[in-house]
Amino acid sequence: MKTNRLLEALGDVDERFIEEATPSKNKTVYPWGILLALASSICLILSVLDMLNQTDLPIEPPTSATVENEQVSLEPITFASPKINGSEHGVTIEAIDIAQQNFDETPVPTFFIYKNKCYVYFSTVFSTKENQIHLYDHNTFLEQYVGKSKKVDINTFKKRPYTELTGTITREFFTVKGIDSTFMLCSRSKADENYIDLWLNSSDISLKKGADLFENLLHLNDNCKQVTYLPNHAHYQWEISKINQELPDVHVLLYQDYAVVSRFLEGLNEGTFIYPQDVAQNEASIIEGNKTYAIIIQLTNDLCIPLTIYEDGYVRLEGFREFSNLLVKVDQMVVQELIEVLNQKDNFAATNSN
Amino acid sequence: MEDKEILNLYFSRSESAISETAKKYGTYCLRIANNILHNTEDSEECVNDTYMRAWNAIPPHHPMKLRTFLGKITRNLSLNRYQTYQTQKRGIGQVPLALEELAECIPAHETVEQAIGTLTLTELLNNFLADLPSEPRKIFMRRYWYFHTTKEIAKDFGISEGKVKVSLSRSRSKLKKYLEEEGVIL
């Protein structure tokens, strides 16, 4: 036991000692290895010099980006994340300053401005398509036609960014049923009508209580249709399973458990948004032995809200851009009550689809 | 991919954070787990759990060194799993040998004034390691942090196995003396 303690304490020693002893860093380098490396470096230098002599290599990068490609890029948006500020009064995600963005890179971010809010692409959901995990129906998802965005050249945009419904794409936008339009809008995918692109405004927003997001923008308590628990999974594993079409068992909460869910959602509304750096002070408690529970709250419009619940009362909204960087500190009793339900496997009807 | 880019993927909650982590540090983590558990299946599970822990911890945590951050998690998880091996009387691999060797560092009871917590013990170990010359320190860490065999260490450092054993023995004696001077009870 005593040596175990020594071993345990050794595990937390200064990272520089761990890094210094990293196996790959301490291989003996034999002289022939150095000679080979030197020889290949010389060859590389000679070939580069040769290329420079023979060809006119472009030196300057392209000076301006164009918006030729109408496809929504599934690559991460090249926007720099807006700054997040936190204090005991809550969290503020600063506005994205379009004028300050560097658009000399490709792909050009796909975004639009609606009522002075910047919406960026964050996800695509499927509608009325077979063999998908979540089916969305246009009739239950789309609510009100907002208008068609006007596509403008990026440089024009930088000069006069905040015009009504203008962006780097041309789309017909709709509000999402049950979701506040200052938070999310959607458009039918240009490539395939069976897909709906979701656009999120995750900047220029202040969040104090959980209700500021979960009640006022997502209306979670009013719209909750079904809660699914993914035992022994984190949300990213679930996403990977979906891609691989290897769906693990999930558990759908039964009707009688929804009183607990309702209390949890009320607790979530009462919870306080935490600035990530504040929580980092307690990082040890989050990393070590803090079990997590992944649940999906499916709304009446079929939109899925993935939440990760930490045993010590933190809750994270997964996959919603900047919001996923934040945690909500919820009353631990409320969280424990839900966790108890999740731990009682008998309470669930197991299913591998929803 | 650079660590900074991988961390950005974690911060943007992109699932590719995991595949990029696995691509860059999967082998590193697997080797740590396997040195402790000597069981491929269990080691792979520990490494997968490491990714899950990292996913849940970042953000808010922002590791300075992603490699050692992951390594620490893998080592802890693997040692925890090793404990279950022990209860099942399945003592294997380098851990029992390392534990046996480290027993030499336990200070004698009569010199002890008070028990100390793990955090303080870690601080003392940091001081001890900082005072060790570079090569013996690396050898010590390779043996008791990474659980490499003396043969592997000898091969990697280009020295004889005997020299590795002597270096470890000297370091253990120094550690014992240091802990006794600090009045440590374990």
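Contact here means heavy atoms within 4.5 Å. The structure is a predicted model, in which local features need pLDDT of at least 70 and side-chain atom pairs count only at pLDDT 80 or more, while totals for chains, interfaces and linings use all residues. Residues are numbered from 1 along each chain as its sequence is written, chains are lettered from A and ligands numbered from 1 in the order in which they are written, and side-chain values use heavy atoms, with hydrogens and water left out.

**View 1. The interface of chain A and chain B.** Chain A brings 48 residues to the contact and chain B brings 62 residues. The two chains bury about 5,100 Å² between them, with 60% of that on carbon and sulfur atoms; buried area is the accessible area (1.4 Å probe) that two parts lose on being put together, summed over both. On the side of chain A, the residues that lose the most area to chain B are A:Arg5, A:Leu6 and A:Tyr236, together 14% of what that side buries.

**View 2. Elements of chain A that touch chain B.** Across the interface, 13 residue pairs are in polar contact, both residues being at pLDDT 80 or more (a pair of N or O atoms within 3.5 Å; within protein, one must be able to donate a hydrogen and the other to accept it, and residues adjacent in sequence count only if both atoms are side-chain atoms). Among the elements that give two or more residues to this side of chain A are helix H1 (2-11), helix H8 (235-244) and strand E16 (304-310), where helices (H or I, at least four residues) and strands (E, at least two) are DSSP runs, numbered from the N terminus. The largest share of this side, 10 residues, comes from H1(A).

**View 3. Salt bridges between the chains.** Two salt bridges are counted between chain A and chain B, the term standing for a side-chain nitrogen of Lys or Arg within 4 Å of a carboxyl oxygen of Asp or Glu. In one salt bridge, the side chains of A:Glu19 and B:Arg67 meet at 3.3 Å, N to O. In another, A:Glu20 pairs with B:Arg137, the closest N and O atoms being 2.8 Å apart; A:Glu20 lies in helix H2 of chain A and B:Arg137 in helix H7 (residues 134-144) of chain B, so the pair joins two chains. Both A:Glu20 and B:Arg137 are buried (under 20% relative accessible area, with exposed meaning over 50% and partly exposed in between; 1.4 Å probe, protein chains only).

**View 4. Salt bridges within each chain.** Over all chains, the count comes to 17 salt bridges. A:Asp14, which is partly exposed with a relative accessible area of 30%, meets A:Arg16 in a salt bridge at 3.2 Å, N to O. A:Arg321 and A:Glu322 form a salt bridge whose closest N and O atoms are 3.4 Å apart, and both of these residues are buried. In chain B, salt bridges link B:Asp42, B:Glu45 and B:Arg81 in a network.

View 5. Chain B has nine helices and two strands, and buried residues make up 54% of its 186 residues. B:Asn35 lies in helix H2 (residues 16-37) of chain B and is buried, with a relative accessible area of 9%. Leaving aside neighbours within four places in sequence, B:Asn35 is in contact with B:Gln94, B:Tyr146, B:Phe147 and B:His148.
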